[in-house]
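The sequence and structure come first.

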Amino acid sequence: MNNITLPPLIALLLFPGGLFLLSFSLFFEWADRKLVARFQNRLGPRWFQPLADVVKLLAKEEIVPDGVHKGLFLVLPIIALAAALTAALYVPMLGFSPAFSFQGDLIVTLYLLSVMTLCLGLAGANTADRFSLIGATRTLTQLFSYEAPFLLALLGPAIVVGSWSIAEINTLASDSLWFILSQPIGFLVALVGLMGKLELPPFDAPEAETEIVAGALTEYSGRGFALFRLGKDVELVIGLTLVAAFYLGGIINPLDFLWKVAVLLLVTAGLQSLFARLRIDQTVGLWWRVGALLALLQLLAIVVGRYLNPLLFGR
Amino acid sequence: MELKLDTPWQRALDQIKTWARVNSPWAIHYNSGSCNGCDIEILATLTPRYDLERFGVKLQGSPRHADVLICTGPVTLQSRDRLVRIYQQMPEPKFVVAVGSCGISGGAFQGCYNIVGSIGEVIPVDAYVPGCPPRPEAIIHGVVALLQSLQKKPAPAAVPEEK
Ligand code: SF4
């Protein structure tokens with residue numbers, strides 16, 4: 001099945017690049033918070049809450065603390081948000097075909113999503129504050145633990161389809177059996193890896209407010225903090241879209257997109273409220289002892305299956 | 001560096017800012033020498049029973065992220081410098097709510113050798129919540145009264161009596 005293509009200027013400014021993605025990511029943050037609140041038997045925030053938060057932060061004073069590299073301090077949030085927004089151009093947002101697509105854009109997108117984490121780490125290491133430093137160390141440690149399993153998990157569908165382009169994987173995934181059925185381990189690793197990437201509750205040791213104030217972003221106030229928050233929300237949307245496109249049988253039209261992503265959001269919100277925070281060494285242990293091994297096993301199964309298939313069935 | 005232009009554009013912008021501020025008060029909680037009674041009540045206010053997130057209130061760890069400093073107890077000699085420092089670390093615009101009789105006047109600790117005095121003597125306070133300790137409803141009422149004063153509306157009626 002073919003998706004609809006969009007002219008480039010609209011793709012950059014309105015959809016899926018700019019305005020649409022920002023408002024959509026704010027909506028997602030609300031949905032996430034509301035779901036968690038409902039799971040905890042609370043009423044939860046009102047629908048405009050994330051918007052009010054961002055506008056308020058943008059209108060607040062921005063303090064540049066002593067002892068930081070000023071240019072770096074001001075520019076890092078912008079780079080983080082820009083990288084997240086750029087990644088959206090390669091993803092089949094709302095079921096339209098990606099604005100730009102080439103062989104290998106899967107890898108580019110994954111790296112663009114990691115830029116955000118690197119910026120967080122740099123932002124923490126840039127300030128002279130001990131809490132930000134510990135937060136930065138933990139952010140980067142976590143990056144090294146989930147990144148490899150996450151990549152391996154997204155590699156599974158790519159190998160089966162035989163393409164490095166997200167658009168092609170999306171089209172082929174919608175035509176064949178859902179990959180969540182043929183590669184359940186990969187799906188699990190990808191979804192939990194996404195939660196690690198976004199530092200959502202079981203993996204929020206890098207910003208554990210009971211130990212290290214607010215982690216790498218402790219010294220950020222006003223605009224910088226608002227941009228980092230927005231960047232994280234955008235990553236949530238892109239990450240969920242990616243997992244839905246790869247494992248839930250591709251995204252063909254807006255309706256398809258909405259219900260698949262909603263299901264994923266429901267699952268992640270449930271996981272968030274089910275589990276208590278892991279210590280950073282537990283996180284690393286979980287990823288390298290369990291996550292990476294499972295993902296490798298999955299990969300091995302795929303490779304062996306591809307090798308055996310022609311031998312057994314003569315295809 | 002506050003530009004004071006009275007154009008319609010500027011007025012609309014100010015209205016949006018006030019709207020955002022009123023709807024997203026992030027709080028930080030500091031105990032400057034209270035007996036812990038008031039702190040327990042503040043924590044009770046933040047539990048799912050009262051669910052302050054429906055008003056947009058979120059407890060923040062870092063003073064740099066907070067708008068409202070919720071402060072309890074009298075100010076002791078030891079904690080005065082810390083209180084002032086936390087207040088200074090918060091970005092503008094910032095507000096202070098003093099919770100409990102001790103924060104208003106020194107309360108039970110008035111006249112002690114190690115007490116500087118009430119919170120109002122150390123940093124500017126925008127709203128006082130009386131009580132020893134105040135009920136969670138009273139604390140919510142205090143924060144709402146503060147937020148309504150931002151919109152230049154009259155404060156809501158006092159908390160109704162418990163039946
Ligand atoms: S007002 Fe009462 S409960 Fe609160 S700190 Fe003072 S003595 Fe303790």
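S114(A) is found in helix α5 (residues 105-126) of chain A; helices are DSSP runs of H or I with at least four residues, strands are runs of E with at least two, and both are numbered from the N terminus. The model is predicted: local features need pLDDT of at least 70, side-chain atom pairs count only at pLDDT 80 or more, and totals for chains, interfaces and linings use all residues. Residues are numbered from 1 along each chain as its sequence is written, chains are lettered from A and ligands numbered from 1 in the order in which they are written, and side-chain values use heavy atoms, with hydrogens and water left out.

With a relative accessible area of 8%, S114(A) is buried. Buried means under 20% relative accessible area, exposed means over 50%, and partly exposed lies in between, with a 1.4 Å probe and protein chains only. Not counting residues up to four places away in sequence, S114(A) touches L143(A), E147(A) and K197(A), where contact means heavy atoms within 4.5 Å.

## The interface of chains A and B

The size of an interface is often given as the accessible area lost when the parts come together. Chain A and chain B bury about 2,400 Å² between them, and 56% of this is on carbon and sulfur atoms. Buried area here is the accessible area (1.4 Å probe) that two parts lose on being put together, summed over both. In chain A, the residues that lose the most area to chain B are R42(A), K56(A) and K60(A), together 24% of what that side buries. In terms of contacts, 31 residues of chain A meet 26 residues of chain B.

Between the two chains there are five salt bridges, each a side-chain nitrogen of Lys or Arg within 4 Å of a carboxyl oxygen of Asp or Glu. The side chains of K60(A) and D67(B) form a salt bridge at 2.5 Å, N to O.

Which elements of chain A give two or more residues to the side that touches chain B? They are α2 (19-39), α3 (49-59) and α11 (223-247). Of the elements, α3(A) gives the most to that side, with eight residues.

## Cysteines

A search of the whole structure finds zero disulfides over all chains, a disulfide being a pair of cysteine sulfur atoms within 2.5 Å. C71(B) is in no disulfide, and the nearest cysteine sulfur, that of C38(B), is 10 Å away. C71(B) is buried, with a relative accessible area of 0%. C112(B) is also in no disulfide; the nearest cysteine sulfur belongs to C102(B), 9.5 Å away. C112(B) is partly exposed, at a relative accessible area of 34%.

## Backbone angles

| Residue | Phi | Relative accessible area |
|---|---|---|
| N41(A) | near 65 degrees | 64%, exposed |
| N36(B) | near 90 degrees | 42%, partly exposed |

N41(A) is in the loop between α2 and α3 of chain A. N36(B) lies in the loop between β1 (26-31) and α2 (37-46) of chain B.

Where is the residue P133(B) found? P133(B) is in the loop between β7 (127-129) and α5 (136-150) of chain B. The peptide bond from C132(B) to P133(B) is cis, with omega near -10 degrees.
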